[in-house]
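Please keep the sequence and the model open while you read. My comments come as numbered points.

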Amino acid sequence: MFSKSAQYYDEIYASIDKDYSAEADKAHKIIQKYKQSKGKLLLDVACGTGAHAGPLRKYYQVEGLDLDPEMLSVARKKHPKITFHQGDMTDFDLGHQFDVIVCLFSSIGYVKTKSRLQKAIKSMNRHLLPGGILLIEPWFTPNQWKPGRAFMTQINKPDLIIVRMSHSGQRGKISFIEFQYLIGTAKGIEHLTEIHELGLFTHKEYMDTIKATGLNVKHDSEGLDGRGIYIGTKSTK
């Protein structure tokens, strides 16, 4: 995933003005509207560099989970007071439950297949306390995804220049993005390539998968930044 570029991840998304703090505030408002459990334990699944986990600490006792050791290394340096776990979202066991579980910035797409989506939602539900809430920010649906598009992001600082180009493609129900990086520092110019594959699930597949675990589910079409969000609530009984 982002192992090769993890140390530059925050710089890149800062350059496109992604506002993690504002998104954390919006998530908190949704959580407060639907959560029925009394505690403040929150797990950020696929937490990456902890960009959401950090601002969510204003409201909750936060832990993070991610598969990528390089992303976790960055997260631990940024947020030494947060406990971060390495694990696969489709099959993890932290030994305790949470009032809130979030999986944001479309990270759920990395499960790639419907069977792994089902496993991921089941794993999250197992870690959710009665009355707790699950927030999932989806990746694109098959109808929304547009293969054949190219984009470029640039960072131009005295000590760091990055040009990242991406190109989108599709194979069946798998979307893929090829990232090409040119990174200039005092040490020289480095070239990196990453291929990211994410599953394209329909709205109905998200809804049905969350319902199948026994959670009540609602969909907010706006969500945190226009991608929409699925809100699963667990019965108190």
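The points below go through a strand group, a helix, some single residues and a pocket.

1. First, the source. This is a predicted model. Keep that in mind for every value that follows.

2. Start with strand β11, which spans residues 229-233. How many of the residues of β11 are buried? The count is 5 of 5, so β11 is mostly covered, given that buried means under 20% relative accessible area. Now look at the two faces. Ile229, Ile231 and Thr233 are buried on one side. Tyr230 and Gly232 are buried on the other. Both faces of β11 are covered.

3. Next, the partners of β11. Strand β5 runs antiparallel to β11, and 4 bridges join them. Find Ile136 and look across: its bridge partner in β11 is Tyr230. Strand β10 also pairs with β11 in the antiparallel sense, over 5 bridges. Here Val217 stands opposite Gly232 of β11.

4. Helix α6 covers residues 203-212. Which of its residues are buried? They are Glu205, Tyr206, Met207, Thr209 and Ile210. What do these buried residues pack against? The answer is helix α5 and the strands β5, β10 and β11. Just after α6 comes Gly214, with a positive phi of about 100°.

5. Asn125 deserves a look. Asn125 sits in helix α5, residues 114-126. Is Asn125 buried or exposed? Its relative accessibility is 10%. The cut-off for buried is under 20%, so Asn125 counts as buried. The side chain of Asn125 reaches the backbone oxygen of Thr213 at 2.9 Å. Leaving aside neighbours within four places in sequence, Asn125 is in contact with Thr213, Leu215 and Lys234.

6. Now a contrast in exposure. Lys40 lies in the loop between α2 (20-34) and β1 (41-45). Its relative accessible area is 55%. Exposed means over 50%, so Lys40 is exposed. Lys40 still has contacts: not counting residues up to four places away in sequence, Lys40 touches Tyr59, Tyr60, Gln61 and Asp99. How far apart are Lys40 and Ser235? They are 195 residues apart in sequence and 17 Å apart in space, C-alpha to C-alpha.

7. Check the backbone at Phe105 and Ser106. Most residues other than glycine have a negative phi. Phe105 has a positive phi, near 55°. Ser106 has a positive phi too, near 60°. Phe105 is found in the loop between β4 (98-103) and α5, and Ser106 is found in the loop between β4 and α5 as well. Are they buried or exposed? Phe105 has a relative accessible area of 18%, and Ser106 has 2%. Buried means under 20%, so Phe105 and Ser106 both count as buried.

8. Last, the second largest pocket. About 190 Å³ of space lies in it. The second largest pocket is lined by 14 residues. Which of them are closest to its centre? They are Pro138, Trp139, Thr141, Gln144 and Arg227. By class, the lining has 5 nonpolar, 8 polar and 1 charged residues.

Terms used
Residues are numbered from 1 along each chain as its sequence is written. This is a predicted model: local features need pLDDT of at least 70, side-chain atom pairs count only at pLDDT 80 or more; totals for chains, interfaces and linings use all residues. Side-chain values use heavy atoms; hydrogens and water are left out. On a 1 Å grid over the protein atoms alone, a cavity is a set of points where a 1.4 Å probe fits but cannot get out, and a pocket is an open set with protein on both sides within 12 Å along at least five of seven lines; lining residues have an atom within 4 Å of a point. Grid points are joined across faces, edges and corners, and a volume is the space filled by probe spheres set on the points. Ala, Val, Leu, Ile, Met, Phe, Trp, Tyr, Cys and Pro count as nonpolar, Asp, Glu, Lys and Arg as charged, and the others, Gly among them, as polar. Helices (H or I, at least four residues) and strands (E, at least two) are DSSP runs, numbered from the N terminus. Buried means under 20% relative accessible area, exposed over 50%, partly exposed in between (1.4 Å probe, protein chains only). A polar contact is a pair of N or O atoms within 3.5 Å; within protein, one must be able to donate a hydrogen and the other to accept it, and residues adjacent in sequence count only if both atoms are side-chain atoms. Contact means heavy atoms within 4.5 Å. Two strands pair if DSSP finds at least two bridges between them.
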